[in-house]
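This briefing covers selected contacts, domains and secondary-structure packing. Please keep the sequence and the model in view while reading.

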Amino acid sequence: MGRFLAEIYKALKSAALGLKVTVKNLFSPAITLQYPDERLDLPVGFRGIPVLLSDAEGNLKCTSCELCARACPVQCIEIQSHREEGRKLKVLDVYNLDATWCMYCGLCVEACPFDALAMSDQFELADYDLTNLVFDRDRLAEIGRRQVTETINFGIKTGGAATR
Amino acid sequence: MAEIATRDEQLGVRSEELFVNMGPQHPSTHGVLRVLTRLDGEKVLEAEADIGYLHRCFEKIAEKRKLFQVIPYTDRTDYLAAITNELVFVMAVEKLLEIEVPPRAQYIRFIMSELQRIASHLLWFGTFAMDLGATTAFLYAWRERERLLDIFEAVTGARMLYNYLRIGGVRNDVFDGFEATVEKYLRDFEKRLKEYHDLVTGNRIFEVRTQGVGVVTAEEAIAYGASGPVLRASGVKYDVRKADPYLVYDKYDFEVPTGQNGDCYDRYIVRMKEMEESVKLVRHGLADMPAGDVMGKVPRRIKLEGDTYARIESPRGEVACYLVGDGSDQAYRLSWRSPCFVHLQLLNIMARGGLVADLIASIGSIDIVMGEVDR
Amino acid sequence: MDFFSAMHSGLVSAGWPLWLANLVPPLVKALILLLFILLNCTFLIWMERKVAGHMQRRMGPMRLGPHGIIQTIADVVKLIAKEDVIPAGVDRWVFVLAPIVAFAPAFAVFMVIPFGPNLIAQDLNIALIFIAALTSFVVISFLMAGWSSNNKWSLLGAMRASAQLISYEVPLVISVASVALLAGSLSLQDIVRAQSQSFWYILVQPIGFLVFLTASLAELNRSPFDMSEAEQELVAGYNTEYSGMRWAIFYLTEYANLITFAAMASTLFFGGWSGPGLPPFVWFMIKVYFFIFLVMWIRWTLPRVRIDQLMDIGWKGLLPLSLVNLAFTGIYVLLR
């Protein structure tokens, strides 16, 4: 009899404790963000899609050394370049980054000796068409030109919201 | 199982057994685990785990990549505790190449892996409570985990798959004000722990659902090679952090919580206490973190020769890496010990004789990550 | 019910045949009740999501209408637009009938619920028995759904539902019997009137209320007793194979039963529509919504019990408690 009552008391008391916790949280403000309308402020150094950086004149810093392509564990970077008469550096013709393969590890950026590559804060890359996920030179450079911060921890922040 | 069969025979009845395929698509098999269960009504006669749905040839890939390129793949084995997986791999390489890691990097690794333990246990706490039907506790756990992931994001650049540790150190130093941020988090977290205990631990329904359910005796746990909280809940005081100290664990005194019965409740309590211990360890680490470099001297030309075995205590148990080099700059062979794989083999012991609901509780209590089981 | 008798005599004098005129008032009543259920369920589904969301420190639905208030309507539109899937291998007729069998008794129960002093479809003198009989009917539909689905999870869910039925149904009825004993009537309207003349029965029936609440949670298949559709264990239990409108009807039934429970709890223990100041219907709805919130609050707090533990609670906990309660109520009534 005593055990029976004690058991009921214990069950009710513990349930009441739990109910207290939930009702306290019911009247506390929500901690979530209404995503497309509100956005988290990402830290600099966040690893979104890697982008090509340009110098002050707007020319790409990339020298087509292909170190990034070699550092990539999934080989998602394709580079083609050619030499031109009278220019010391190679000219970058094709820089394709396949975002369907990319795992945003940032090893390409670490490999780059010229700071020509940085991880951007662009992460909303979803698309209905897979071919759109192969980012070519111009698109990567375009995102890179929106750079608004220094390169910190191999990452930058870009002004302007989405990739498209 | 034998006694169940004989009882049916004694009664002279033969009830038809029900063969149920639990998973790979099932709300609480934590990913893509398939459990082949034989049921007698609600009673589980046999539960056999069928794995391999998430196999990605991690060990083979590791042989075909440069050493630094393997690190992102180690993240993806146990994606809920990525730092500890990176750690065991870089430790193996550093052991083989005899690379000195600067003390600041050691401390950053130490703090990060303890924070990782909290994050991983939080997720486990949430999913375990959800497996038992307490949905709200799940969201509360994620609330705290998200803040922790914010810290990880600010330090490493990613929320789950960090690619942060490097052979010889860590990729970058922590941000300014790291100590204050973490300390503020820990203070809040301790308050939240009390909330979890109010909501779940003391709850009578939770107690009766977990006590005496999914029992693994110490002998069975040792025989199967269990480690981590599953082993400790059975009463064996074994922790790699104590038994084979790495990083700076030998400098600090911390408790290794153990249980007695080896049931789901003990596994739960052990993990909850481990979180408290982790909080203490992080505080120690923050107080003693020296200044200095975060990358040691790494030879430009890497030549892996010989073999080595490195092991650490991940949130799930003993993760180990056996690395063989043949003189090239890539691994000749890399073998990965996954604690979840071992623990999953205990599932039949835990589940048989219980009900379907107990099977779910057992799966939840061993904290499996299928990415790690299948690799 | 002057309005309906006026309607009846009006129709008769307008030359309608008597049998047709007899049919019209009940149909109108049923239509009003159906509208009441649909409106309230639409709101309740939104409320449940909001309560759950805010308890979990989320916002819940936010995108359609202010604070997502018309989210449910959008969901219903989506469910109607969905393909009507009848899986291969199901027992077709039973499968199709199960949601209807679930909803019909849940709907019929509303007939005897007193919304106000005169606001009742039919003041049945055996209302309590009527309700007890019909609310346990829902298990048949679970069995039908679970058996016909040809799915092992559904079957397990159905087995659980039928196994748990007797363990909560007995204490539930006994706890309700104590109230009937106090009021001296089985009619809900009489019970409310008896309370408005004396006091709310919760004052003398705290144990009875506790038993009633616990057993009702089991009857409603609500957490912590939602074994028959335990998502984490049985995927979705008896309604695993259901989708689209058929599933929506099961969902609707669940909320209709929730309203029934809340109405019963407020009628039996908290004075029903009686209360000072406000109109009776408003009092009734306030009490009903309080109990609905209570059930939701419990659902989003407690873990789920196991099936054998529910039987434990039912037979070893609730039944003795309700019997003791009944005995003491009898003595009280005798001495009164």
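**Strands of chain B**

In this predicted model, strand 6 (residues 305–314) and strand 7 (residues 317–326) of chain B run antiparallel and are joined by ten bridges. Strand 7 of chain B also pairs with strand 8 (residues 331–337) of chain B.

Strand pairing
- Strand 6 and strand 7 of chain B make a hairpin, with two residues between them.
- Within that pairing, Gly306(B) has Gly325(B) in strand 7 of chain B as its bridge partner.
- Strand 7 and strand 8 of chain B pair over six bridges, in the antiparallel sense.
- Tyr322(B) is opposite Ser335(B), a residue of strand 8 of chain B.
- Strand 7 and strand 8 of chain B also form a hairpin, here with four residues between them.
- In the turn of that hairpin, Gly327(B) has a positive phi of about 95 degrees.

Helix 6 and helix 7 of chain B
- The axes of helix 6 and helix 7 (residues 178–201) of chain B come within 10 Å.
- They cross at roughly 170 degrees.
- Helix 6 and helix 7 of chain B are therefore roughly antiparallel to each other, as angles over 145 degrees count as such.
- Helix 6 of chain B brings Ala137(B), Tyr140(B), Glu144(B), Arg147(B), Leu148(B), Ile151(B) and Val155(B) to the contact.
- Residues that helix 7 of chain B brings include Phe178(B), Tyr185(B), Phe189(B), Arg192(B), Glu195(B) and Leu199(B).
- By class, the residues of this contact between helix 6 and helix 7 of chain B are twelve nonpolar, one polar and four charged.

Helix 12 and helix 15 of chain B
- The axes of helix 12 (residues 264–288) and helix 15 of chain B come within 10 Å and cross at roughly 25 degrees.
- That angle makes helix 12 of chain B roughly parallel to helix 15 of chain B, since the cut-off is under 35 degrees.
- The crossing of helix 12 of chain B past helix 15 of chain B is left-handed.
- Cys264(B), Arg267(B) and Tyr268(B) of helix 12 of chain B make the contact with Ala361(B), Ser362(B) and Ser365(B) of helix 15 of chain B.
- The contact has three nonpolar, two polar and one charged residues.

Domains
- Chain B is divided into domain 1 (2–50) and domain 2 (58–331 + 360–374).
- The C-alpha centres of these two domains of chain B are 33 Å apart.
- Six residues of domain 1 of chain B contact seven residues of domain 2 of chain B.
- The domain 1 side of that contact in chain B has two nonpolar, four polar and no charged residues.
- Chain C is assigned domain 1 (1–60) and domain 2 (82–335).
- Their C-alpha centres in chain C are 20 Å apart.
- Domain 1 and domain 2 of chain C each give 13 residues to their contact.
- On the domain 1 side in chain C, ten residues are nonpolar, one is polar and two are charged.

Contact of chain B with chain C
- Chain B supplies 25 residues to this contact and chain C supplies 23 residues.
- Strand 1 (18–22), helix 5 (103–131), helix 6 (135–156), helix 8 (204–210) and helix 15 (356–365) of chain B each supply at least two residues of the chain B side.
- That chain B side divides into 15 nonpolar, six polar and four charged residues.

Technical notes
Residues are numbered from 1 along each chain as its sequence is written. Chains are lettered from A and ligands numbered from 1 in the order in which they are written. This is a predicted model: local features need pLDDT of at least 70, side-chain atom pairs count only at pLDDT 80 or more; totals for chains, interfaces and linings use all residues. Two residues are in contact if their C-beta atoms, placed from the backbone, lie within 7 Å. Ala, Val, Leu, Ile, Met, Phe, Trp, Tyr, Cys and Pro count as nonpolar, Asp, Glu, Lys and Arg as charged, and the others, Gly among them, as polar. Domain bounds come from an automatic or database domain assignment. Two strands pair if DSSP finds at least two bridges between them. Axes are lines fitted to C-alpha atoms, for helices over the stretch in contact, and angles run from 0 to 180 degrees between N-to-C directions. Angles under 35 degrees count as roughly parallel, over 145 as roughly antiparallel, 65 to 115 as roughly perpendicular and the rest as oblique. A crossing is left-handed if the near helix is turned anticlockwise from the far one by less than a right angle, and right-handed if clockwise.
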